[in-house]
Amino acid sequence: MIKNLLTRAISGFLFVAAMLACVWMSDFYFGALFLLLVIIGLREFYTLVNKESNVSVLVPLSVAGGALLFATVFYVFFYNANYVWLSLNFIYVSVLMIVELFRKQEKPLFNMAVSLFGILYVALPFSLMAIVESTPVSGERLLMAFFIIIWASDTGAYLTGMCFGKHKMFERISPKKTWEGLAGGCLFAILAGFIFYKTNFIPYTFLSWVGISVLIFAFGVLGDLVESMMKRSLNVKDSGVFLPGHGGLLDRFDSALVAAPALCMVAFLLLNC
């Protein structure tokens, strides 16, 4: 157990450090890394769902659709390009339906629905993160805080649940999660927000940081449960092999994917207040 915890902690720390460095360094590194994450995440998702007997998603086309969404959002918001570039995504939806028309699959509606859901579940959240990163007022700092709060809450929930967890929280979906772990994760998230407040990382009020931390934590927990629900329905333990001790990329980003829309909302509210 100690060896697994150490492996999980080291790999998680190195990955978070690399993520934060790319967010902070330059637009190019950020765009390149997140585009790669979109591609890897979509491949994981479609590989999993294609194991179902009623689903036969065309993986290259579906991954290309997610990459297109991220690339057009990144280009428009980082380089102030014309919004017309986003219309390429509408063309992609038409292309997807036309391709499915000629594939002669048994369940074409299932294939299209799963393909588009993968893009909504993986590519759209990463695209929203890119929008946050591009905001002129501390966008990169807010995105960094987002990942740190999620990492802190995940670590707190894991440690607290392992040491004190007794009361099951959502046994039907995730048997190992406990209310004690939930409380520990929330406490660590608020602690991270308090540190951001005290260091004036972004000049928000204490209550603003507490609200942001709790909001990210709450959606992050639900994101974790959503991914557990999907894995349980597909009868798999991990979404893939991405980080030692963490499973696949979707296992690592399950909280962030569902919390990203809330982060984007926070960024717009703070930008216009």
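1. A residue counts as exposed when its relative accessible area is over 50%, as buried when that area is under 20%, and as partly exposed in between. The model discussed here is predicted, and these cut-offs are applied to it in the points below.

2. C163 has a relative accessibility of 54% and therefore counts as exposed. C264, with a relative accessible area of 6%, is buried.

3. How many disulfides does the whole structure contain? A search finds zero. For C163, which is in no disulfide, the nearest cysteine sulfur belongs to C186 and lies 18 Å away.

4. Helix 5, residues 108-134, packs against helix 9, residues 249-271; the axes are 8 Å apart and form an angle of about 45°. That angle makes helix 5 oblique to helix 9, because it falls in none of the ranges for roughly parallel (under 35 degrees), roughly perpendicular (65 to 115) or roughly antiparallel (over 145). The crossing of helix 5 past helix 9 is left-handed.

5. On the helix 5 side, the contact is made by Y121, V122, P125, F126, L128, M129, I131 and V132. Helix 9 contributes L250, F253, A256, L257, A260, P261, L263, C264, A267 and F268. Sorted by class, this contact has 18 nonpolar residues, no polar ones and no charged ones. C264, listed here on the helix 9 side, is the buried cysteine of point 2.

6. I149 is located in helix 6, residues 139-164. Its relative accessibility is 0%, so I149 counts as buried. Which residues touch I149, leaving aside neighbours within four places in sequence? They are A189, A192, F196, W209, S213 and I216. G193 is 44 residues from I149 in sequence, while the C-alpha atoms of the two are 7.1 Å apart.

7. F170 belongs to strand 1, residues 168-170. At 31% relative accessibility, F170 counts as partly exposed. Not counting residues up to four places away in sequence, F170 touches P175, K177 and L225. F170 and E133 are 37 residues apart along the chain, and their C-alpha atoms are separated by 34 Å.

Technical notes: Residues are numbered from 1 along each chain as its sequence is written. This is a predicted model: local features need pLDDT of at least 70, side-chain atom pairs count only at pLDDT 80 or more; totals for chains, interfaces and linings use all residues. Side-chain values use heavy atoms; hydrogens and water are left out. Axes are lines fitted to C-alpha atoms, for helices over the stretch in contact, and angles run from 0 to 180 degrees between N-to-C directions. Helices (H or I, at least four residues) and strands (E, at least two) are DSSP runs, numbered from the N terminus. A crossing is left-handed if the near helix is turned anticlockwise from the far one by less than a right angle, and right-handed if clockwise. Contact means heavy atoms within 4.5 Å. Ala, Val, Leu, Ile, Met, Phe, Trp, Tyr, Cys and Pro count as nonpolar, Asp, Glu, Lys and Arg as charged, and the others, Gly among them, as polar. Buried means under 20% relative accessible area, exposed over 50%, partly exposed in between (1.4 Å probe, protein chains only). A disulfide is a pair of cysteine sulfur atoms within 2.5 Å.
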